[in-house]
Amino acid sequence: MATALKPGARFKSAVCETQVMVVKAPAGEHDLRCGGAEMIAPTATGAGEPDAALAGGTLIGKRYVNADESLELLCTKGGKGTLSVGGTPLEVKQAKQLPSSD
Amino acid sequence: MNISTILDMAAEAFGERVAVVCGEQRYTYAELRERALRAAAHIKASGAAHVALLDTASPAAPVAIYASAYAAVPYVPLNYRLTAPELNELAERIAPAMLITTPDYAKLLTPRADLTLIMRDEFLKLADAGGEPPQPSEDPRDIAVQLFTSGTTGKPKAAILRHENLMSYIVGTVEFAAADENDAIVVTVPPYHIAGISAVLSSTYACRRMVLLPNFEPRAWLAAMRSENVSNAFLVPTMLSRIVDHLVDRGEAPNLPALRALAYGGGKMPLATITKAMQLFPGVDFTNAYGLTETSSTIAVLGPDDHRAAAASRDPAVQRRLASVGKPAAVEIQIRDDDGKVLGAEEAGLVFVRGPQVSGEYLSLGSQLDADGWFPTKDRGYLDADGYLFLDGRADDVIVRGGENISPGEIEDVLLSHAAVADVACVAMPDEQWGEAVAAAIVLHPGAGVSEQELQELVKGRLRSSRVPQRIVFKDALPYNETGKVLRRVIRQEFA
């Protein structure tokens, strides 16, 4: 089941510890998954294990994007599963290195 | 989207790391989160519409920022230098509110039923109310912070920063957990300044220890830097200038082996100060940050490599970048003329900025963004061919003499080049013939002397006759606000 991804919305993995926050996403519905299973509301309860083929893991603080970077998620808690949208795994966004200014 | 996520992530990843140091007080990220959650439950139960802080820097500031976010109530730090009538007027505007303060500041406030005072020490020791921790609102449009501007032209305006603005700024400019285990930053800007808020958010997201210094003084700053082995610091130009003078006067070396990075901003940095500072701190990375309250802090950055390149270069175009504020950070910047036409490189005009961190919004006045999302900063400036931004004062400070726009900055730079001149501010004075004319308030170095005429000749020779100050007054000191901005309106009154 696809779901709308509004900026600021939060999801957690049904099959690992991963939690994400939507930074931006194109309008419309998206099939957001982690470890192969649909991601669920932060308050919902999941069950099961990540698909072995989709267990690349997520890291807290990393931003995950689709190919054209129109969709971006911030990982707020790391886990074992791989994030994917519409069956395509998301990539880690390379951070723009800025010197600390405050 | 809620800025409390920043603290949740830091506590999750580095809960045992020290987050805040202030005198003898030390809190880890896990403890900071625990205190913020307890305070949030207290705020929610109180029914407050705002959480205000009237206090110098202390751990209550970071606790209050995050507690307000968890409780989904705007955080409103107040300027503790305001007078009692000014503070009471602001209290009226934010009531019903909870206000965190100290006994001394509390005396300034007229008691009112819809203003609940809580003393700082009590606020930091709130007991766990039990029950589930508050679930922060996820609406990105919720107001996270409300800052009253200084109100130079009337009633203070309430600038608002939404969760989406501040989160965009942090996620767009700071790498999560970028700090090393032993890194620390000394925070000297007051809690009611945007730089005081961004320091807390950036440091938390970088998982960097914050050392809060309530009252800036060069000796105290150096002592705190040494005792906490501080790696990073942010200073406003006047603070850096006082540190440089302190060291030079005593012939002392800084003796700060842990220091790696010094960032500065909040006002114009005199070229002489930054040049001297780079000599005094040779291995240190200098960063100039330019930002505004309405833009959630930094929008342009002149980084360490830019500083070194400018200092080492013989190319005047590269050398002068030391006087720039660098390149746009996570925003776009445009220069426009008075008619709104976008200008090219080297053409001076008004600075406009666009990006998700830009709120450009005041309560009651609404959004100041144009149809395409651009915010008029009201700063004047230009971009060079490589995109470095040079600022040239506030649009309001321009002197219009006989229809000609004169920037006070260029005249000030010439006057400052005179060996006798320590400080200067040029302002408009009323003139029957020209509408406005140039006036200058000048501070001389101790024991130095120079005639009005000699200074006028200097300006005439370097610029042109329209730039020559028609009147010059010599002062013991110029009026500054606490972040090092010269108060031109006060000087203007003198020539009115």
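This talk describes a predicted model with chains A and B, moving from chain B as a whole to selected elements and then to chain A.

Good morning. I begin with the overall form of chain B. Chain B contains 16 helices and 26 strands. Its radius of gyration is 23 Å, close to the 23 Å that the globule rule gives for 496 residues, so chain B is as compact as a globular protein of that length. The C-alpha trace spans about 75 × 50 × 45 Å along the principal axes of the chain. Of the 496 residues in chain B, 49% are buried. Consider next the contacts in chain B between residues at least 6 apart in sequence: 66% of these join residues at least 24 apart.

I turn now to the interior. In soluble globular proteins, nonpolar side chains tend to be buried together. The largest nonpolar core in this model has 157 residues. Which of its residues touch the most other members? They are B:Val51, B:Ala67, B:Val187 and B:Val211. Helix H3 of chain B, residues 60-71, supplies the largest share of this core, with ten residues. There is also a second, separate core of 23 residues, and its members include B:Ala425, B:Ala437, B:Leu455 and B:Val459.

Not counting residues up to four places away in sequence, B:Val211 touches B:Val21, B:Ala184, B:Ile185, B:Val186, B:Val187, B:Ala224, B:Glu228 and B:Val230. One of these, B:Ala224, leads us to helix H9 of chain B, which covers residues 218-227.

The buried residues of H9(B) are B:Trp221, B:Ala224 and B:Met225. Why do they line one face of the helix? Seen down the axis of H9(B), the buried residues fall within an arc of 100°, so they line one face. The face of H9(B) turned away from the buried side carries the exposed residues B:Arg219, B:Ala223 and B:Ser227. Against what do the buried residues of H9(B) pack? Their partners are strand S9 (184-187), strand S10 (209-212), strand S11 (232-235) and helix H10 (237-250), which belong to chain B. Just after H9(B), B:Asn229 takes a positive phi of about 50°.

The next region is built around strand S14 of chain B, residues 297-302. This strand is mostly covered, and six of its six residues are buried. Strand S13 of chain B, residues 285-292, pairs with S14(B) in the antiparallel sense over five bridges. Within this pairing, B:Ser297 of S14(B) has B:Leu292 opposite. The hairpin formed by S13(B) and S14(B) has four residues between the strands, and B:Ser296 there takes a positive phi near 55°. S14(B) also pairs with strand S15 of chain B, residues 327-328, in the antiparallel sense over two bridges. Here B:Ala300 has B:Pro328 in S15(B) as its bridge partner.

B:Ile333 lies in strand S16 of chain B, residues 332-336. Is B:Ile333 buried or exposed? It is buried, because 22 other C-beta atoms lie within 10 Å, and the cut-off for a buried residue is 20 or more. B:Leu383 is 50 residues from B:Ile333 along the chain, and the C-alpha atoms of the two are separated by 8.9 Å.

In chain A, five strands form an open sheet with antiparallel pairing, in the order S2-S3-S8-S7-S11. The edge strands are S2 (10-12) and S11 (91-92), each of which pairs on one side only. S7(A), residues 63-65, runs antiparallel to S8(A) and is joined to it by three bridges. A:Arg63 stands opposite A:Leu74 in S8(A).

How many residues does each chain give to the contact? Chain A gives 17 residues and chain B gives 32. On the side of chain A that touches chain B, the elements giving two or more residues are strand S3 (19-24) and strand S8 (72-77). S8(A) provides the largest share of that side, three residues. By class, that side of chain A has nine nonpolar, five polar and three charged residues.

Notes:
Residues are numbered from 1 along each chain as its sequence is written. Chains are lettered from A and ligands numbered from 1 in the order in which they are written. This is a predicted model: local features need pLDDT of at least 70, side-chain atom pairs count only at pLDDT 80 or more; totals for chains, interfaces and linings use all residues. A residue is buried if 20 or more other C-beta atoms lie within 10 Å of its own, exposed if 12 or fewer, and partly exposed in between; C-beta atoms are placed from the backbone. Two strands pair if DSSP finds at least two bridges between them. Two residues are in contact if their C-beta atoms, placed from the backbone, lie within 7 Å. Ala, Val, Leu, Ile, Met, Phe, Trp, Tyr, Cys and Pro count as nonpolar, Asp, Glu, Lys and Arg as charged, and the others, Gly among them, as polar. The radius of gyration is taken over C-alpha atoms; the globule rule is 2.2 Å times the number of residues to the power 0.38. The arc is that of the directions from the helix axis to the C-beta atoms. A nonpolar core is a set of buried Ala, Val, Leu, Ile, Met, Phe, Trp, Tyr and Cys residues joined through C-beta atoms within 7 Å.
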